[in-house]
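Reader: I would like to learn how to read a two-chain model. Can we go through it feature by feature?

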Amino acid sequence: MANTPHYAMVIDLNTCVGCNACMAACALENQTPVWDNKWRTYVHDMEIGTSTDDDVRRRFFPRLCNHCDNPPCMSVCPTGATHKLDNGIVLVDDELCMGCRACVMACPYDARYDVTSDDLEQGDKFFGELHYRTRPSVDKCSFCAHRVMRGLKPACVETCVGSARMFGDLNDPNDEVAKLVKTGVAKPLMAHLGTGPNVFYISDIERTT
Amino acid sequence: MEGMFYSTQNVWTWWIAIYLFLGGLGGAAVVVSCLTNMYFKPHKQLVVWGNISAFIMLSVGSLMLFIHLLDHWAVINVLNPMILITKPDAWIAWGTQFIVWMLVWSIIYTLPYLLETKFWTEMPVVGTILGWFNWLGKLSLKLHKLIGWLAVINAFGTVLYTGLLLQSFPAVALWHNPGVPLLFLVSAFSTAIAFLLLVLYLAIKQEEDHELRVFYERSDVILIGIELMIIFVFFEYTTSGLESARHTAQILWNDMGWIVGFVVFGLIVPFLIEFKGVTKGWGGSKVPIVLAAVLVLGGGYLLRHYFMYAGVYERPYPAVNIIRQHSELKLELAPTNKVLALLPSHYSMASKLG
């Protein structure tokens, strides 16, 4: 197991410029039903700060499946469609998924969405003969496992112009992602729920007063 | 991370609430009618009414759940009993098996009574089908108590799983706590006894059942009293607990459907009616108890309805997928989603695309 990677992502909120290229790259790579506003990764465009104009700032907040160590979407899945690889990536087998949506209810990160029969029909028109989806399911980010297994980075990381997204191996002490996580600079979301998320964020908020 | 957002969900709504209600009611009806027949008072008619009604309830509920699925063919994966070995951590897997085997054993338990009743044996189609299973009816009589217990165990599992299913969603404070399975358990048995009281008063109508009816009424008073106490505990938990629980409290305790519909008319009024019935009596009139039973049944549904709608998620960003699925279903906005809908436009998906 020592040689098995444990994949994780670090997102630096300081360098995300909100270009949404990650959303576009992911949508094309994974053929998500964008015509129905369904995304594997999404960049929230938010304002934070107090009510005075000087304090308000714009924040882009990318989010995706957190590939939890203890994924609630997997434990509630009645068919075993949602499963976890040894390398930490959580995948969905659409051959097994019956679309009960228990995973949607269980996910604290709002990372799951339907791929309906209508979406499949629309996908045939949108993606043409390259469309690979054949069955309805409840989809989610796969960390582009098909690319990672070929030694590539996930599409969203590859395309990120601000290098806000970093992908790496937590089991490799020399990996930049592992260092950012180990030093505590990058923190997980809602870790108190016991999910053991593997997407970590570097905050863009600093104390200025 | 600073700045959390709170939202309800519109993925499992009234459709699933009806399923949870029918599952709890049907399962508990089988438990009560079979145990009554085995240990309290042999009562063939009660078993037939209880188990056939439960069969219909669970069939309708399961059909609703089936319709809700995205891939209907894939349901075969969860109907296979081996799923309990490969997915023992999934309550839906357990629930599916409990329901299937509850239906099987409760019908086999009821079969001898159906075969000796002209109403059923002379019924077109049903009578013919029953005729094919004469052998099974005879076998069932030989092993009647064992089969009864198999039905009871699976029916109890069906009741318990409805609450455990909600408890298995960790992101929502209202659901992810040990009180939910207990509340759903008590509510299921309360509604089942109310249903069987209606059967005894309106369908079977036998004078010799007086003792049984009084026993059921006393049991129901105790169950409604326990349910009221659990609701009070939930009130305390949601009003002084986690932030998402406090949002739940704001939804529930500002909604007249919950306060008046469920708490007052679904619990307090039937409790008072039945309490007077078991202490001083109603002068031989069955109307108050029938009314109380109907109110308990309505309250049982409302409990599950509001539990589905009032579960609040806490996230560091606004919900996207759940809001989107909500708009697809074109259902009434849940209260917290109404608040989210009023947020500045840059939170909305429309601005993202536009």
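Reader: How many helices and strands does chain B have?

Author: Chain B has 17 helices and two strands. Keep in mind that this is a predicted model.

Reader: What share of the residues in chain B is buried?

Author: Of the 354 residues in chain B, 55% are buried. Take the contacts in chain B between residues at least 6 apart in sequence: 76% of them join residues at least 24 apart.

Reader: Which residues of helix 12 of chain B are buried?

Author: Start with the general idea. An α-helix has 3.6 residues a turn, so residues three or four places apart point the same way. Now the case here. The buried residues of helix 12 of chain B are Ser244(B), Ala245(B), His247(B), Thr248(B), Ala249(B), Ile251(B) and Leu252(B). The helix spans residues 243–252 of chain B, and seven of its 10 residues are buried, so it is largely enclosed by the rest of the structure.

Reader: Where does His305(B) lie, and what is it in contact with beyond its neighbours within four places in sequence?

Author: His305(B) belongs to helix 14 of chain B, residues 287–310. Setting aside neighbours within four places in sequence, its contacts are Trp14(B) and Ala17(B). His305(B) has a relative accessible area of 19% and is buried. The cut-off matters here: buried means under 20%.

Reader: Now the interface. How much area do chain A and chain B bury between them?

Author: The size of an interface is often given as the accessible area lost when the parts come together. Here chain A and chain B bury about 4,400 Å² between them, with 60% of it on carbon and sulfur atoms. On the side of chain A, Met98(A), Met105(A) and Asp110(A) lose the most area to chain B; together they give 18% of what that side buries. As for residue counts, 57 residues of chain A are in contact with 47 residues of chain B.

Reader: Where is Met105(A) placed, and which residues of chain B is it in contact with?

Author: Met105(A) sits in helix 3 of chain A. Leaving aside neighbours within four places in sequence, Met105(A) is in contact with Gln9(B), Val11(B), Trp12(B), Phe169(B), Trp175(B), Met308(B) and Tyr313(B). Met105(A) is buried, at 0% relative accessible area. Within its own chain, Met105(A) is 33 residues from Pro72(A) in sequence, and their C-alpha atoms are 9.4 Å apart.

Reader: How many salt bridges does the rule find across the interface?

Author: The rule finds one salt bridge between chain A and chain B. Its partners are Arg135(A) and Asp71(B), with the closest N and O atoms 2.9 Å apart. There are also 12 residue pairs in polar contact between chain A and chain B, counting pairs with both residues at pLDDT 80 or more.

Reader: Which element supplies the largest share of the side of chain A that touches chain B?

Author: Strand 2 of chain A supplies the largest share, six residues. By class, that side of chain A has 32 nonpolar, 12 polar and 13 charged residues.

Reader: Is strand 2 of chain A enclosed or open?

Author: Six of the seven residues of strand 2 of chain A are buried, so the strand is largely enclosed by the rest of the structure. Strand 2 runs antiparallel to strand 3 of chain A, and seven bridges join them. One of the facing pairs is Asp45(A) opposite Phe60(A).

Reader: What is the strand order in the open sheet of four strands in chain A?

Author: The order is 8-1-10-9, with mixed pairing. Strand 8 (165–169) and strand 9 (187–188) of chain A are the edges, as each pairs on one side only. Strand 9 and strand 10 of chain A run antiparallel, joined by two bridges. Pro188(A) has Phe200(A) as its bridge partner in strand 10.

Reader: Last, backbone angles. What phi does Arg101(A) have?

Author: Most residues other than glycine have a negative phi. Arg101(A) is not a glycine, yet its phi is positive, about 70°. Arg101(A) lies in the loop between strand 5 and helix 3 of chain A, and counts as buried at 12% relative accessibility.

Reader: And where is Phe143(A) found?

Author: Phe143(A) is in the loop between strand 7 and helix 5 of chain A. Phe143(A) also has a positive phi, about 55°. With a relative accessible area of 1%, Phe143(A) is buried.

Terms used
Residues are numbered from 1 along each chain as its sequence is written. Chains are lettered from A and ligands numbered from 1 in the order in which they are written. This is a predicted model: local features need pLDDT of at least 70, side-chain atom pairs count only at pLDDT 80 or more; totals for chains, interfaces and linings use all residues. Side-chain values use heavy atoms; hydrogens and water are left out. Contact means heavy atoms within 4.5 Å. Buried area is the accessible area (1.4 Å probe) that two parts lose on being put together, summed over both. A salt bridge is a side-chain nitrogen of Lys or Arg within 4 Å of a carboxyl oxygen of Asp or Glu. A polar contact is a pair of N or O atoms within 3.5 Å; within protein, one must be able to donate a hydrogen and the other to accept it, and residues adjacent in sequence count only if both atoms are side-chain atoms. Ala, Val, Leu, Ile, Met, Phe, Trp, Tyr, Cys and Pro count as nonpolar, Asp, Glu, Lys and Arg as charged, and the others, Gly among them, as polar. Buried means under 20% relative accessible area, exposed over 50%, partly exposed in between (1.4 Å probe, protein chains only). Two strands pair if DSSP finds at least two bridges between them.
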